[in-house]
2 protein chains.
Amino acid sequence: MPAFRGHTIHRARHHFGWNNAFEPVLVAKSGDTIRFECLDAGCGHYHPESTSADIASMPEGKVNPVTGPVFVEGAEPGDALKVTIREFVPSGFGWTAIIPGFGLLADQFDEPRLHLWHYDKAAREPALFSDFARVPLKPFAGTVGVAPAEPGTHSIIPPRHVGGNLDIRDLAEGTVLYLPVDVKGALFSIGDTHAAQGDGEVCGTAVESAMDAEVTVEVVKGATPASPRFTTPGPSSRHLDGLGYEVTTGVGPDLMRNARDAVSRMVDFLSRDRGICPEDAYMLCSVCGDLRISEIVDAPNWVVSFHFPRIVLT
Amino acid sequence: MPAFRGHTIHRARHHFGWNNAFEPVLVAKSGDTIRFECLDAGCGHYHPESTSADIASMPEGKVNPVTGPVFVEGAEPGDALKVTIREFVPSGFGWTAIIPGFGLLADQFDEPRLHLWHYDKAAREPALFSDFARVPLKPFAGTVGVAPAEPGTHSIIPPRHVGGNLDIRDLAEGTVLYLPVDVKGALFSIGDTHAAQGDGEVCGTAVESAMDAEVTVEVVKGATPASPRFTTPGPSSRHLDGLGYEVTTGVGPDLMRNARDAVSRMVDFLSRDRGICPEDAYMLCSVCGDLRISEIVDAPNWVVSFHFPRIVLT
C-alpha cells in the first residue's frame, strides 16, 4: 500500500467554535486529500486514570475542538463542498460521560458518571463495556462542517445548515457528504471523532475518541444543498442488527416527549430485565441504540421508537 | 406442514374505532393461535381498476377496519398481552395514496393521487413501481391493539398507549409485541396490513394491502408496559440496505419541522437528480424511506435524517 501523500494537519491546528474570520491552516485545491489529526471532544482532558470526579474540572471553553479550517480554492457561496470520507485511524482509547444538565434525560440523571473504553484499534472488535456488554464499533466524525456566513464566533455545540456538530453516525468510512458553502473558500473543519454512537446520542456523549480522519474535498459548482446531504456506500446497521432489537416506544402528540419516553422506558427495561444499573443502561443506549420515528402522520399522535441491538448483551 | 388448527376470524367480523363495549367475536385462552382475515385500510374501496378520482369517494366512516375484538381469558388491567406475530398471507394487491389534507407534507401535496400495486405474494419479490423503482416487501400489521379503559368509541386514527394504529414497520413476522392490558379480557384487534412501509409513513399511506395475519396471544401477569414494547427476531432493514442510502437532513430546534425539511429535501433530490415526479417521489419515500433522529442532545438544534434505500432505484 503506498504511503499517504496528501496534506496532514496536526492536532495542534484546532479551533473552538465557528468563525469565518479564523485564519486557514491550509489552502487546498478541489480534489485534494487531507489527513486531519482530530482531538476528542474533551480536548484530551480524560486519560486512562480519569474518574467521574474529573467531569467537573472539564475546562468550559475547551469543548469539542475541530481541526482546520481548510480554505478550498474555487469554493463560493452557492456551491457544494463534496467531502469523501476515506479512512479513520482510531486511537484505541475513548470515554463516555453523563454530564449533569446535558443529555436527553438530564432531568433523570443528575450525577456525573465517566466510563472509559480501551478498544482494539486495528481489528475493530466490539468494545467491552464492564463485563456484560460488547459494543460493535463504527468510527465516524461527530463534527464536520464549514464556516457560516454570519460574522462572529458561533458555539460549536448546535449543528447548523452548514453542518458542524451533526453527530450523524453514518458519517463513517465511504460516506460522501455534501455541505452548503456559505463563504469563499468554504473553511472546512472536522473533529469530535467517535468510535461508536447510536442515532440520537441520547446521553449526550458517544464513544468519544481521538483519531485521524482522511477526507477528500471537492467543489461542486452551484450545487449547494439546503442542509447537509450524504450518500452511504452500504448498510448502516449491519454491525449491530444480527440478533434483532429490543424496542420501546413513546406515543403522543410531541416528538420530543415521545423520544424521552421511549429512551426512559428502555433504561427501565434494561435495568429490570437485565439487571443493568440505570446509569450504565443510559450510556449504553447512547453508544449503540437508535431513535427512529415510526409514524408521523396519524394525527394527533406520533410514534417514536428506541431500538437497542440484542447482539450487545450476548 | 400440518394444516392450521387454531381459530380463524372472518374479515366480516371487523369494527371501526376502539370501544371496550364492543362484543367480542371470540373468547380465547392464553396461548391460543388465531388467524385474522384483515381488510385493507380502505375497507375494500380500491380495486385493480381504481383511479385517483376514487379517493374522493372513500366513505368517511369506513377507514381502517380492524378484525376482532378477541377476549383473552385471564387478562386483567396491569397485565401485558404478549402477541407473537407468526405469519402474514398477503393478497398480492395493494394501493398507496396521497390523500388531500393528510400526510407529513400535506401543505405541499394537495391533489389526490392513487398508485396501485400488484405484487408476488408467494416469493415476495420486490414490487415494481411504474418502470423505475422496485420496492422490497416486508408485510406487517399497521394496527395492533387492545381496547382502552376510557368508555365510548375512540377514533382508529391516532395510536395510543394501548397500541392501535402504530404503523411500526417492524411489527412483522417473528416480532413479539407486549401491549398494556387496560380492560378485562384485553379485547385484542388487528388490521391495516401493509406489504411495505418506511419509518414515518410520510405520505400517510403504505403499500395498503389486505392479508391474513396469524398471531398467538398470551397473558403475562402484572407485566404491563407503559406503552407498546417489542422484540424483533433479527435485522430490521436487511431487505433494503444492501446498496446503502441517499440521506437528507433537517437541522433546527423543532423535530417536526426538521422531519418535514428532511422529507421535502429528499423529494426535491429524487425529482432533480433522478427525474422522478414529486408525487411519485413522495409516495416512494412513504413506502421505503426511513425517518431517524440522528442527534437530540446538541441544544438548541436537533438533526432528523431521512434515509432512502438506493437498492429501490437500481
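This is a predicted model: local features need pLDDT of at least 70, side-chain atom pairs count only at pLDDT 80 or more; totals for chains, interfaces and linings use all residues.
**Stop 1: Asp241(A)**

Start by selecting Asp241(A), which sits in the loop of chain A that runs between strand 16 (229-231) and strand 17 (245-252). Is this aspartate buried or exposed? Its relative accessibility is 1%, and under 20% is the cut-off for buried, so Asp241(A) counts as buried.

Now show what surrounds it. Skip the neighbours within four places in sequence, and Asp241(A) turns out to be in contact with Gly234(B), Pro235(B), Arg238(B) and Asp241(B).

**Stop 2: across the chains, Arg292(B) and Asp170(A)**

Next, pick Arg292(B) together with Asp170(A). Their side chains form a salt bridge, with N to O at 2.9 Å. This one crosses between chains: Arg292(B) belongs to strand 18 (residues 290-295) of chain B, while Asp170(A) is in the chain A loop between strand 12 (163-164) and strand 13 (176-180). Colour the two by accessibility if you like; both Arg292(B) and Asp170(A) are buried.

**Stop 3: within chain B, Glu214(B) and Arg35(B)**

Hop over to Glu214(B) and you'll find a salt bridge to Arg35(B), where the closest N and O atoms are 2.7 Å apart. Glu214(B) is in strand 15 (residues 211-220) and Arg35(B) in strand 4 (residues 33-38), both of chain B, so this pair ties together parts 179 residues apart in sequence. Glu214(B) has a relative accessible area of 11%, which makes it buried. Arg35(B), at 18%, counts as buried too.

**Stop 4: strand to helix, Arg113(B) and Asp280(B)**

Stay in chain B and select Arg113(B) and Asp280(B), another salt bridge, with the closest N and O atoms 3.5 Å apart. What does this pair tie together? Arg113(B) lies in strand 8 (residues 113-118) and Asp280(B) in helix 2 (residues 278-288), so the link joins parts of chain B that are 167 residues apart in sequence. Check the two ends separately: Arg113(B) is partly exposed, at 28% relative accessible area, whereas Asp280(B) is buried, at 12%.

**Stop 5: the network**

To finish, select Arg169(A), Asp170(A), Asp199(A), Asp290(A) and Arg292(B) all at once. Salt bridges with shared partners connect these residues into one network, and the pair from Stop 2, Arg292(B) and Asp170(A), is part of it.

Note on methods
Residues are numbered from 1 along each chain as its sequence is written. Chains are lettered from A and ligands numbered from 1 in the order in which they are written. Side-chain values use heavy atoms; hydrogens and water are left out. Helices (H or I, at least four residues) and strands (E, at least two) are DSSP runs, numbered from the N terminus. Buried means under 20% relative accessible area, exposed over 50%, partly exposed in between (1.4 Å probe, protein chains only). Contact means heavy atoms within 4.5 Å. A salt bridge is a side-chain nitrogen of Lys or Arg within 4 Å of a carboxyl oxygen of Asp or Glu.
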